[in-house]
Structures are given as C-alpha cells and as structure tokens.
Amino acid sequence: MREFILSVFLAMFFVGSALAADIPVLRCSYGITTHQQAFMVAMSMGEELKSLGVWLAPVVPKEKYDLMVNGEKVARLNVIVTKSGSEATSLFAQDHLDLTVNSFPAMLSGIDRGTKIKVLGPLQADGIAMVSRNDIDVKGWDGFSAYVTAAKRPVTVGYHSPTSAPKIVFEGAMDASGFRITGDANATKTDADILMVDLKSISNAIPALVAGQVEFCVLPAPTPEVVESKKQGHIVLQLGDLPPEGQWTSFPCCCIAGTEKIIAEQPRAVKAYVDLITAVSKWCMEHKHDAAVATSNWLGVPVEIIEGAHMRFFTDVTPKWLHNASEYPDVLNRLGQLTGRLKDKKLSDVMDVVFDFSFVSVSQ
C-alpha cells in the first residue's frame, strides 16, 4: 500500500510539474507614474476585477501575479519596477524583460539601436506638465517664453530620462519656436537659450527643484501635481499647450511593448496581457474615482492628486494616435537622436519594424 501511495504521489508530482512547465513566466515592467495606471489598478484590485474576464491573482503582492482568463491561469507575471523607459529598453536588450508598459519614444530609441522589440499598442495620452520652482513667478507659454528671452544665461530645465516623452515633446516645441537647446552645462547665452538637465529619475525632480539645481522640470503625472500640492513648486503649463498650437494636444506618451521572442513563442500569454491592459484601461475611464482610489493606495499619493492629472487610457490604434505618434521620430531625427534603423525615417516608412498590432483593435 505504501508503494502504491508513493507511486500516486510521484505521478501527481510529475503531472503537476508538467502543467506548471506549460505556464509561461513573463517578466513585466512598469514605471511609477499614473501613465501606467491600468497595470497598477490591475495589480492593486486583483480578483475584484474578475467580472472583466481577465484579471491578476496575487501570488506575492507587487512582485508576482497569475494572469487569469475566465478562471484559467495562462501566465505567471514577475513584476519589475523601472525608473524610466530607457532602463526598460536596456533590460530588453539584456534579455531581462519580456513586456512593459512604458515610454513610446524610449521604445523607438531601443528599436533604432537594434533591440528586438515591438510596440503592441497605445496606453494613454496627455498627463505631462512643466513645473517651476516657487521663486519663479511664471505661468503659461507666454510667461515661460518671456522668461527664457529675458534670461542672461541658459534656463535650466530638468527631465527624468533622455528618451522620455516629456523631454522629446518639450525639445520639439522649443525647436519649432526658435529656442536653442543644449545639454552642455558650460554653455552660455550666446550658445543656447535652454540647458536640458538629466535628473536620471523622476524621484530626483523634487529635490532638484528645492535645491535650485534646475529652474523648471518637464514630468509625467502625478509628479507635477505632487510638486504643486506640497508647495515645492507650481505647474507652469501642460505640454499640450506648447506651440505650435494644437500640435501637442491629446499626445501619446506611453505604450505597450514586448520582445519579438516572447510574441513569437507565447502569443496566447501576450494576448492575455494586452487584453488585461485593454479591459482595465476601459474600466479606469468608466470608473475614474475608483481607479484613482486604487492608484492612490498603490502609490501612496492622495486621491485628489491622482484625479487632478487629466489623461485618457486606451489601447485601440486610431488615425489620430498614429498621426501624433509619428511626431516622435520626426522630432528625434530633427534633433539627431536617431542614428540606427530609424535614422531619417518617417514612422510610415517603418511600421513593420516598430509595430505589431495583432493584439489590439485598429481603426481606419
């Protein structure tokens, strides 16, 4: 009898191991910004979102989740927090990451360098602002442009990542407005009007403002709203208000992306992941207060600050999204920041290189 029980146990063990081996483990990253609210809400609310048909069952909160589709586990997600989109692209290049919700221009930069990733769909639009130190009484584009024109030296503007949407949108707008930009800390007013300062991380923005290291910062939500609420600075403008008028409104920042390898090897799991982001994005737009509460609990930021950052969450590809997204390679090429596969290319020239829209809805 003992031998029989042992044989049954071993059979169950090996069957369980085989089943476990069939469940892919996906390494997924996100950043600490409400641009990735859908993924944070999915992790925060877990099985409360079962009615969506796809949800996350917590295994180790904030670290490991089972990706569930109609009650069936289709993947294990190992979650990584990244400081920036450029860090995510580095992890992709090192084969330490499979999927991310992160900066679209960062993904473009990674693809330009030859990293084998694809953008799988949009994630959100808007939610980017410029903040200034408290001692600088500047509001709106007219106020900022007058301040830069009157300055006797290059005005310092901080950013959190060299491939971030806030930096690229801002630099594109400055270029279009005739203001000269530099990254050279030794530059004088005769060399440039604005000195861009790499703060390396969103978490360094407030200390840099308070310490007077920079005069302004361009940042994703909710950091500008946090800065203002703590009276450590104030919002000057939303980047959608930058010139040329209307060019930067409803502008994409973050996207969903994954490696070509994981797309080819685990399409069902990738589809479930994208479906999760799609379903939770829709839920967030329809339940804005509840989504803000879940995000507040996740980030430890007051609900009213989360609600104060206005943006849209969606994963469907529309002509407007593609039109706005096409500005990024244009700006990056104009500034000489694409030197590889995307150099001197329009987005329309490299659609197959950049995108795989097989998991999302595409409208004409």
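In this predicted model, Phe104, Pro105 and Leu108 of helix H4 meet Tyr328, Pro329 and Leu332 of helix H14. The two helices, H4 covering residues 104-112 and H14 covering residues 327-334, pack at an angle of about 60°, and their axes lie 10 Å apart.

**The H4 and H14 pair**
- Angles of 65 to 115 degrees count as roughly perpendicular and those under 35 degrees as roughly parallel, and with an angle of about 60° H4 and H14 are therefore oblique to each other.
- The crossing that H4 and H14 make is right-handed.

- Cys253 sits in the loop that runs between strand S13 (234-238) and strand S14 (254-259).
- Because its relative accessibility is 3%, under the 20% limit, Cys253 counts as buried.
- Although 149 residues separate Cys253 from Phe104 in sequence, their C-alpha atoms are 5.9 Å apart in space.

**The open sheet**
- Seven strands, in the order S2-S3-S4-S1-S5-S14-S6, make up an open sheet whose pairing is mixed.
- At the edges are strand S2 (54-60) and strand S6 (117-122), each of which pairs on one side only.
- From one strand to the next, the twist averages 30°.
- Strand S1 (residues 25-31) and strand S5 (residues 99-103) run parallel and are joined by two bridges, and the bridge partner of Cys28 in S5 is Leu99.
- Helix H2 (residues 37-45) packs on this sheet, where H2 touches S1, S2, strand S3 (64-69), strand S4 (72-82) and S5, and the direction of H2 makes about 120° with that of S1.

**The largest nonpolar core**
- The largest nonpolar core holds 128 residues, of which Phe39, Leu67, Phe144, Phe170, Leu242, Tyr273 and Val354 touch the most other members.
- Helix H10 (residues 267-286) supplies the largest share of this core, with 11 residues.
- Val354, one of those core residues, is in contact with Phe104, Leu108, Ile111, Lys118, Val119, Leu342 and Leu347, once its neighbours within four places in sequence are set aside.
- Phe104 and Leu108, which Val354 contacts, are also among the H4 residues that meet H14.

Conventions:
Residues numbered from 1 in each chain as written. Predicted model: local features only at pLDDT ≥ 70, side-chain atom pairs only at ≥ 80, totals over all residues. Heavy atoms only, no water. Core = buried A, V, L, I, M, F, W, Y, C linked by side-chain atoms within 4.5 Å. Buried < 20%, exposed > 50% of the residue type's maximum accessible area, 1.4 Å probe, protein only. Helix = DSSP H or I, 4+ residues; strand = E, 2+ residues; numbered from the N terminus. Contact = heavy atoms within 4.5 Å. Pairing = 2+ DSSP bridges. Axes fitted to C-alpha atoms, helices over the stretch in contact; angles between N-to-C directions. Parallel < 35°, antiparallel > 145°, perpendicular 65-115°, else oblique. Left-handed = near helix turned anticlockwise from the far one by under 90°.
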